[in-house]
Amino acid sequence: MHMHKFEKAWLTFGIGALLVFLTVLGVSAFYLGNQPPSCLVTIDPAKVDTTKPFNEPGLKKVEGKDWDYELVFVASAFSYNPASVEVPYGAKVKIMATTKDVVHGFQVAGTNINMMLEPGYISEYTTTFDKAGEYLILCNEYCGVGHHMMTSKIEVVK
Ligand code: CUA
């Protein structure tokens, strides 16, 4: 028994449509499950200076949390506040950072810390600095003419 030409065409079309459907489904499921975990907390970018904890950038000792210190950074074109900060060696530190204007990067050279700071979002990273020394913070998202000058520094002291 031979398949009718017409039947064959319809069968091909049907399988093709099914494949397209499954691909679309798979791709959208992938994107839904792929939101950046470091950017789930929101903030009004126009009110960063008056919103806790960003009204006081820098290092603060905290009690009763899973980390010992909170290290708050505010980025804006083309600098970070604070421009330099001392962190005690071996302390568990939760870094919290946001931007007041455009997208900036927050990469701590020599570590795995590499966050994107997006207006309206708080980026967080908890880490322990177990090597003393100077860590350079770099902006790795192009943000304008002063992009290459945008740096800060974490000094881990024993
Ligand atoms: Cu900020 Cu590049």
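Start by selecting Lys94, which lies in strand β6; strands here are DSSP runs of E with at least two residues, helices are runs of H or I with at least four residues, and both are numbered from the N terminus. Is Lys94 buried or exposed? Lys94 is buried, with a relative accessible area of 12%; buried means under 20% relative accessible area, exposed over 50%, and partly exposed in between, with a 1.4 Å probe and protein chains only. Now show what surrounds Lys94: Trp67, Tyr69, Glu70, Leu71, Glu124, Tyr125 and Thr126 touch Lys94, residues up to four places away in sequence being left out. A contact means heavy atoms within 4.5 Å.

A note on the model before going on. This is a predicted model, in which local features need pLDDT of at least 70 and side-chain atom pairs count only at pLDDT 80 or more, while totals for chains, interfaces and linings use all residues. Residues are numbered from 1 along each chain as its sequence is written, and side-chain values use heavy atoms, with hydrogens and water left out.

**Whole chain**

Zoom out and colour by secondary structure. The protein has 1 helix and 11 strands, and from the N terminus the order is α-β-β-β-β-β-β-β-β-β-β-β. Of the 158 residues in the protein, 32% are buried. Among contacts between residues at least 6 apart in sequence, 61% join residues at least 24 apart. The accessible surface of the protein is about 10,100 Å², and carbon and sulfur atoms hold 59% of that surface; accessible areas come from the Shrake-Rupley method with a 1.4 Å probe, and for residues only the protein chains shown count as cover.

**The helix and its patch**

Select helix α1, residues 5-32, where Phe6 is found. Phe6, Trp10 and Phe13 form a nonpolar patch on the surface, and together they have about 430 Å² of accessible area. Phe6 itself is exposed, at a relative accessible area of 60%. Patches are made of residues with over 30% relative accessible area and no salt bridge, like charges being joined within 9 Å and nonpolar side chains (Val, Leu, Ile, Met, Phe, Trp, Tyr) within 5 Å.

**The open sheet**

Next select the 5 strands that form an open sheet in the order β5-β11-β10-β7-β8, with mixed pairing. Its edge strands are β5 (85-88) and β8 (114-117), each of which pairs on one side only. From one strand to the next, the twist averages 25°; axes are lines fitted to C-alpha atoms, for helices over the stretch in contact, and angles run from 0 to 180 degrees between N-to-C directions. Two strands pair if DSSP finds at least two bridges between them.

Within this sheet, highlight β10 (residues 133-138) and β11 (residues 151-157), which run antiparallel and are joined by 6 bridges. Ile137 has Ser152 in β11 as its bridge partner.

**Salt bridges**

Glu134 and Lys153 meet in a salt bridge (3.8 Å, N to O). Glu134 is in strand β10 and Lys153 in strand β11, so the pair ties together parts that are 19 residues apart in sequence. Glu134 is exposed, at 56% relative accessible area, whereas Lys153 is partly exposed, at 25%. A salt bridge is a side-chain nitrogen of Lys or Arg within 4 Å of a carboxyl oxygen of Asp or Glu. By this rule the count is 5 salt bridges.

Which residue forms a salt bridge with Asp49? Select Lys100: the closest N and O atoms of the pair are 3.1 Å apart. The pair links distant parts of the chain, with Asp49 in the loop between β1 (41-42) and β2 (58-61) and Lys100 in the loop between β6 (92-99) and β7 (104-108), 51 residues apart. Asp49 is partly exposed at 46%, and Lys100 is partly exposed at 35%.

Then move to Asp44 and Lys47, another salt bridge, with the closest N and O atoms 3.8 Å apart. Asp44 is partly exposed at 36% relative accessibility, and Lys47 is partly exposed at 49%.

**Cis peptide bonds**

Finish on the backbone. Select Pro53, in the loop between β1 and β2: the peptide bond from Lys52 to Pro53 is cis, with omega near -5°. Then select Phe78, in the loop between β3 (69-76) and β4 (79-81). The peptide bond from Ala77 to Phe78 is cis, with omega near 0°.
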